[in-house]
Amino acid sequence: MIRVVLPQHLRTLAHVGAEVQVDVPGKVTQRSILDAIEVQYPMLRGTIRDHVTLQRRPFLRFFACGEDLSHESPDAPVPDAVVTGTEPFLIIGAIAGG
Amino acid sequence: MSGVRVLVGTRKGAFILTSDGKREKWNVSGPHFAGWEIYHLKGSPVDPNRIYASQTSGWFGQVLQRSDDGGKTWIQPGTPPGEQKGPGGMPKGESNKFVYDVSKETGKPLTTHQWYDGTQHPWEFKRVWHLEPSLTEHDTVFAGVEDAAIFRSKDGGKTWQELSGLRGHGTGPKWQPGAGGMCLHTILIDPKNPKRIFIAISAAGAFRTDDGGATWKPINKGLNSPFLPDPGAEVGHCVHHIAFNGSRPDTLFMQKHWDVMRSDNAGDSWHEVSGNLPTDFGFVIDVHAHEPETIYVVPIKSDSEHFVPDGKLRVYRSKTGGNDWEELSKGLPQQDCYVNVLRDAMAVDSLDSCGIYFGTSGGQVYCSPDAGNNWKPIVRDLPGVLSVEVQTLR
């Protein structure tokens, strides 16, 4: 199972806690993780990435294992520690304000 | 017993204010959707317990919420808890999927509009500004969105289809965003002719359909906007809001960026009725529920300040359909007040003594249960108010 940490507002929308677990069949990439998230939590469709283009929303970032994966290809494999469930895949909202 | 339900959208959630017909004691519910911008909430005239809410965020985009019990509980249409997956494993609900229609069959090419600097800019969906439930059909609701377009749902908000004839009018490259974005913020459905709908866009102007939304025509003749190369142009005007009394839907009142305007022929032509207002800039305008010639505005100091003049919060009322205006300030702050009242933040109820409501950027929601003569705050310290609607419950 892949562990995914959601930002606060998306936890509220999906009625879940900070971390959710999703089953990702096949190759584990940003895209396959987000596909799985949207199947399990359809109310999150359109909130993390655009409905049509599937582009990451500009004020959201993806991290794992201390690395910023936001600008990696959505089809690139994520770190092994995410695949094994040792580390979570983090979806983080940009910090606003001063 | 009759009562009212006031639906308040703010920068940090929605609030529902309820009272009996006296409108003296209030119950406050909320925040609903805490932390999100709630651009608009509106109840269905067919089923007052059905309320739609536009929940939006720069981070997470658009979410549509619906209540079928008067605001006690909410769902995203199509994705009720426990029924979140469709037959194929994918979600049924697309309540936040607003996709411009570019199909050959029903759509129009996604053209560009004018950007702030005068260059052309592609159309991009950002949020829903205004929700207008059908007057007659239980599951039909319209949405006015940014970048400007009108969408319709016929299934209670689950799925949305653009009425692309508006965006496809052909004048899109001359439309431009106002300070708040290029938003379609006003939708008025003619109660005597449901195929006739009026809409308004900042900054494109007003449009009307007479065929249920298939085709639209600009209705801006008589508007004068000095910031345009051609001040009397067909489109490009920054219309802030339009209102009418349902008993006389051909008589429209408009608060434009500057100028308060009136039309007596369903928008075919307009004339100015700003008269003796201290400033003819403002955002809101509304009409008394029982007196179609009694109208209300809140003058705002512009162009750079956008707060009420002289530190005094004053509503102005005309009982003559414009030109002659009286100041209404009893119960409103008359010193050190520097709030704004945004375009969708005024509403009227239809009780025998017509109630007037408005919300401010400072988080106050005021009510006058006697048509504007006396005002009291219902609440003083909400987040900045984006919209106010009222339902009269009988």
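Where does Asn323(B) lie? In this predicted model, in which local features need pLDDT of at least 70, side-chain atom pairs count only at pLDDT 80 or more, and totals for chains, interfaces and linings use all residues, Asn323(B) sits in the loop between E23 and E24 of chain B. Residues are numbered from 1 along each chain as its sequence is written, chains are lettered from A and ligands numbered from 1 in the order in which they are written, and side-chain values use heavy atoms, with hydrogens and water left out. Helices (H or I, at least four residues) and strands (E, at least two) are DSSP runs, numbered from the N terminus.

That loop, between strand E23 (315-318) and strand E24 (326-328), also holds Gly322(B). Asn323(B) is not a glycine, yet its phi is positive, at about 75°. Gly322(B) counts as buried because its relative accessibility is 3%, whereas Asn323(B), at 39%, counts as partly exposed; the cut-offs are under 20% relative accessible area for buried, over 50% for exposed and in between for partly exposed (1.4 Å probe, protein chains only). Not counting residues up to four places away in sequence, Gly322(B) touches Val273(B) and Ile295(B), contact being heavy atoms within 4.5 Å.

Ala371(B) is buried, with a relative accessible area of 12%. Then there are the cis peptide bonds: one joins Glu146(B) and Asp147(B), with omega about -5°, and another runs from Ser202(B) to Ala203(B), with omega near 0°. Asp147(B) is in the loop between strand E10 (141-146) and strand E11 (149-153), and Ala203(B) in the loop between strand E14 (197-202) and strand E15 (205-209).

On to the interior. A nonpolar core here is a set of buried Ala, Val, Leu, Ile, Met, Phe, Trp, Tyr and Cys residues joined through side-chain atoms within 4.5 Å. The largest has 39 residues, of which Val298(B), Leu313(B), Val315(B) and Phe358(B) touch the most other members. Leaving aside neighbours within four places in sequence, the contacts of Val315(B) include Tyr296(B), Leu328(B), Met346(B) and Trp375(B). Apart from this core lies another, of 38 residues, among them Val82(A), Leu7(B), Ala14(B) and Ile38(B). In chain A, the buried residues of H2(A), including Ile33(A), Leu34(A) and Ile37(A), pack against strands E1 (2-5), E2 (19-22), E3 (60-64) and E5 (89-93) and helix H3 (80-83).

Finally, the interface. Chain A gives 20 residues to the contact and chain B gives 21. About 1,900 Å² is buried between the two chains, with carbon and sulfur atoms giving 63%; buried area is the accessible area (1.4 Å probe) that two parts lose on being put together, summed over both. His9(A), Arg45(A) and His51(A) supply 28% of the area that chain A buries against chain B, more than any other three residues. The elements giving two or more residues to the chain A side are helix H1 (8-14) and helix H2 (30-40).
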